[in-house]
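Take a look at the fold below.

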Amino acid sequence: MDGLIAEGAEVLASYEHPHHGRWPAVVTAKHGAGRITTVGTVPGPAFARALLSWLVPLDDDWRRIAVQPVTVLSATTRQGRRVRFVHNWSWEPTSVPAPSAVTDAVSGVALIAGDAVALGAWDVKVLVEND
C-alpha cells in the first residue's frame, strides 16, 4: 500500500486499520478538463469493480458490449478523438457489435455501428471513433 497524501484531493476510499487508516487508499482531483485518480492499494475484485464503475460509468455503449472474455478500454487523443481498445482474453475467436462508427487504426478498415468487430484468440483491436 502507498501512504497517499490528499493535499486538496477528494478521498474516495480509506483503510480501516489502526496505523494505515491515517492515509487514504484512493484519491481523486480535477485537473484541466479531466481528472487524476490515484489508487494506493491493490484492490480486490469487488473494490476494483466499484472503483472502475465510478471512474467509467456504464452509460458508455462500448462498456456494455464488454462481456467476458472481451474487455474494452478507451482513451482520448490530443485532438479529442476517442480511441477504443477491444481485447479478447480467450483462446476462442469471438466478435462484438461496434456500437458506433469506427476505423481500425492498424488496418484502416471502417466499420459502421452494428458491424461485427472480429477478434481472434488473444487479439486486440485499436479502433478510432469516426466524427
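**A walk through the model**

The side chain of T28 makes a polar contact with the side chain of T37, at 2.8 Å. A polar contact is a pair of N or O atoms within 3.5 Å; within protein, one must be able to donate a hydrogen and the other to accept it, and residues adjacent in sequence count only if both atoms are side-chain atoms. The T28 side chain also makes a polar contact with the side chain of R35, at 2.9 Å.

A word on the source. This is a predicted model, where local features need pLDDT of at least 70 and side-chain atom pairs count only at pLDDT 80 or more, while totals for chains, interfaces and linings use all residues. Residues are numbered from 1 along each chain as its sequence is written, and side-chain values use heavy atoms, with hydrogens and water left out.

Is T28 buried or exposed? T28 is buried, with a relative accessible area of 2%. Buried means under 20% relative accessible area, exposed over 50%, and partly exposed in between (1.4 Å probe, protein chains only). Leaving aside neighbours within four places in sequence, T28 is in contact with A9, E10, L12, R35, I36, T37 and W54. Contact here means heavy atoms within 4.5 Å.

T28 lies in strand β2. Strands (E, at least two residues) and helices (H or I, at least four) are DSSP runs, numbered from the N terminus. Strand β2 covers residues 24–31 and pairs with strand β3, residues 34–39, in the antiparallel sense over 6 bridges. Two strands pair if DSSP finds at least two bridges between them. Within this pairing, H31 stands opposite G34 in β3. The two strands form a hairpin with 2 residues between them. G32 sits in the turn and has a positive phi of about 60°.

Next comes a sheet. Five strands form an open sheet in the order β4-β5-β10-β7-β8, with antiparallel pairing. Its edge strands are β4 and β8 (110–111), and each pairs on one side only. Inside the order, β7 (residues 102–104) and β10 (residues 124–129) run antiparallel and are joined by 3 bridges. V102 stands opposite E129 in β10.

V102 also belongs to the largest nonpolar core, which has 12 residues. Such a core is a set of buried Ala, Val, Leu, Ile, Met, Phe, Trp, Tyr and Cys residues joined through side-chain atoms within 4.5 Å. Other members include W62, I65, V72, V96 and L119. Strands β4 (70–76) and β9 (116–119) are the elements that give two or more residues to this core. A second, separate core has 5 residues, among them A13, Y15, A25 and L51.

Which rings pair up? The structure holds 2 aromatic pairs. Rings of Phe, Tyr and Trp (its six-membered ring) pair if their centres lie within 6.5 Å; planes under 30 degrees apart count as stacked, over 60 as edge-to-face and the rest as tilted. W89 and W122 are edge-to-face, 6.5 Å centre to centre with 80° between the planes. W89 lies in the loop between β5 (82–88) and β6 (94–97) and W122 in the loop between β9 and β10, so the pair ties together parts that are 33 residues apart in sequence. W89 is partly exposed at 46% relative accessibility, and W122 is partly exposed at 44%.

The rings of W91 and W122 have centres 5.4 Å apart and planes at 80°, so this pair is edge-to-face. W91 is exposed, at 68%. W89, W91 and W122 form one aromatic cluster.
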